[in-house]
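Please read the following report alongside the sequence and the coordinates of the model.

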Amino acid sequence: MKQPAPASDDGLKLSAWLPYRLFLVAAQVARPLESFYGETFGLSQASWRILAVIAERDAANASEIGRACALDPFAVSRGIGQLVELGFALRRPGKTDRRFAAVSITRSGRAAFNRIAALGSAIEARLLGRLSPGERTMLDSALTRLEAESARIDAGGWRALLNGDTP
């Protein structure tokens, strides 16, 4: 009979691993927001993210939306379809290429976005309220650097990390 391996003090500890801690914070604050937009507007998580993107970028195409939301093309297509069906978005064929349809927010989409955004802002204010002004500035700066480095890690892939390649 095999014995379980003893707990080790070396290596990654999930509870202390920065990406996991960031994920937990994001997941914990996303749940009440997701519950609100799901119950109130019937939106999926992907549709909410797409709505937020088109609220900021009028006439975005599916590729731009996918990059901004970190969603695969299938999820983008379904999310856009849901928003169109709910009357929250309009999809217009591209001027020169029908594959690049422009997606725009409607008045009812804007009203829904504003209600969801108000809750999102309240969540953010509550989180940031736990930090001093100096800590907020430091957090913003640190997150900017972490976002840039995580993009480099993503672009380089796991092989580059294991080979010790640095950009």
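This is a predicted model: local features need pLDDT of at least 70, side-chain atom pairs count only at pLDDT 80 or more; totals for chains, interfaces and linings use all residues.

Residues are numbered from 1 along each chain as its sequence is written, and side-chain values use heavy atoms, with hydrogens and water left out.

The largest pocket holds about 1700 Å³ of space, and its lining comprises 33 residues, with Ala-26, Val-29, Glu-124, Leu-143 and Glu-147 nearest the centre. A pocket here is an open set of points on a 1 Å grid over the protein atoms alone, where a 1.4 Å probe fits, with protein on both sides within 12 Å along at least five of seven lines; lining residues have an atom within 4 Å of a point. By class, 24 of the lining residues are nonpolar, 3 polar and 6 charged.

A search of the whole structure finds 1 salt bridge (a side-chain nitrogen of Lys or Arg within 4 Å of a carboxyl oxygen of Asp or Glu). It joins the side chains of Glu-149 and Arg-152 at 2.8 Å, N to O.

The table gives relative accessible areas (buried under 20%, exposed over 50%, partly exposed in between, with a 1.4 Å probe and protein chains only).

| Residue | Relative accessible area |
|---|---|
| Glu-149 | 33%, partly exposed |
| Arg-152 | 41%, partly exposed |
| Ser-47 | 0%, buried |

Ser-47 touches Gly-79, Gln-82 and Leu-83, not counting residues up to four places away in sequence, where contact means heavy atoms within 4.5 Å.

Key: Grid points are joined across faces, edges and corners, and a volume is the space filled by probe spheres set on the points. Ala, Val, Leu, Ile, Met, Phe, Trp, Tyr, Cys and Pro count as nonpolar, Asp, Glu, Lys and Arg as charged, and the others, Gly among them, as polar.
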